[in-house]
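Reader: Could you take me through this model? I would like to begin with its pockets.

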Amino acid sequence: MTDMTDDTTRTTTPALVELSGVGKRYGNVRALDGVSLEVRAGEITCVLGDNGAGKSTLIKMIAGLHQHDVGTLRVEGEETRLASPRDALDRGIATVYQDLAVVPLMPVWRNFFLGSEPRRGTGPFKRLDTALMRRTTREALLRMGIDLRDVDQPIGTLSGGERQCVAIARAVHFGAKVLVLDEPTAALGVKQSGVVLKYVAAARDEGLGVVLITHNPHHAYLVGDRFVLLRRGTMVGNHTRDGITLDELTRQMAGGSDLDVLRHELQRD
């Protein structure tokens, strides 16, 4: 009975973000063509592809940096064209890029509130509420299971994985509904990647819809609910978790039938 209720709720509740047949051109260059995906609350949609597959263009459209040329983009069921990153953020879409926008010498709490600093006092006596920012940063990180030694330490002293986790916690704290992560594990080792994926799953469990951009099918399959595969700007696969195995996902990511042709061509007589 519970499963039937969940299915009914799922079909009647619009996706947080939905792309249908979207495309983007830059002059004569076709960057994306006919791409569709859904981002739902409490789910992780993984977008996989090699360099040049169109992942960056897709991110920029969801983040409001670029607008699509064809197709439709809906936010919570409403068809729209995101005019800017500020517009996307106001609609609850937060994007964490691979090259995190942090000030390395500033403390963790200062980076956590960068651009959204609370103040206290009035008139000429108005000043940053540093006590509130320190306390809130510590509490927000702990809520996500992130226990830093000291929120006063410069964020540049944290590992790459820890900085990614702080960015995820920041998006959750400031009310994001959709979290877009641009290759968060690309430059990390196995252990650090595992830490980041743990907090990606924590964001999902907080009820966010997550878009995980990656070229690593193993990382994607550990946490993903949906898998969209891109190749040279076109969508070559769109699967739910129960509709594809890790081996098949890896095969499609590696080139699928193209790889079989290559193997045949390279085979010795």
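Reader: Which residues lie nearest the centre of the largest pocket?
Author: Leu89, Ala94, Thr95, Val96 and Arg170 do, among 29 lining residues. A pocket here is an open set of points on a 1 Å grid over the protein atoms alone, where a 1.4 Å probe fits and protein lies on both sides within 12 Å along at least five of seven lines; lining residues have an atom within 4 Å of a point. The model is predicted: local features need pLDDT of at least 70, side-chain atom pairs count only at pLDDT 80 or more, and totals for chains, interfaces and linings use all residues. Residues are numbered from 1 along each chain as its sequence is written, and side-chain values use heavy atoms, leaving out hydrogens and water.

Reader: How do the lining residues divide into nonpolar, polar and charged?
Author: There are 20 nonpolar, 5 polar and 4 charged residues, with Pro counted as nonpolar and Gly as polar.

Reader: Turning to Glu183, what is its phi?
Author: Phi of Glu183 is near 45 degrees, a positive value in a residue other than glycine. Most residues other than glycine have a negative phi.

Reader: Is Glu183 buried or exposed?
Author: Glu183 is buried, with a relative accessible area of 8%; buried means under 20%, exposed over 50% and partly exposed in between, with a 1.4 Å probe and protein chains only.

Reader: And what about Arg232?
Author: Arg232 also has a positive phi, of about 50 degrees, but this residue is exposed, at a relative accessible area of 60%.
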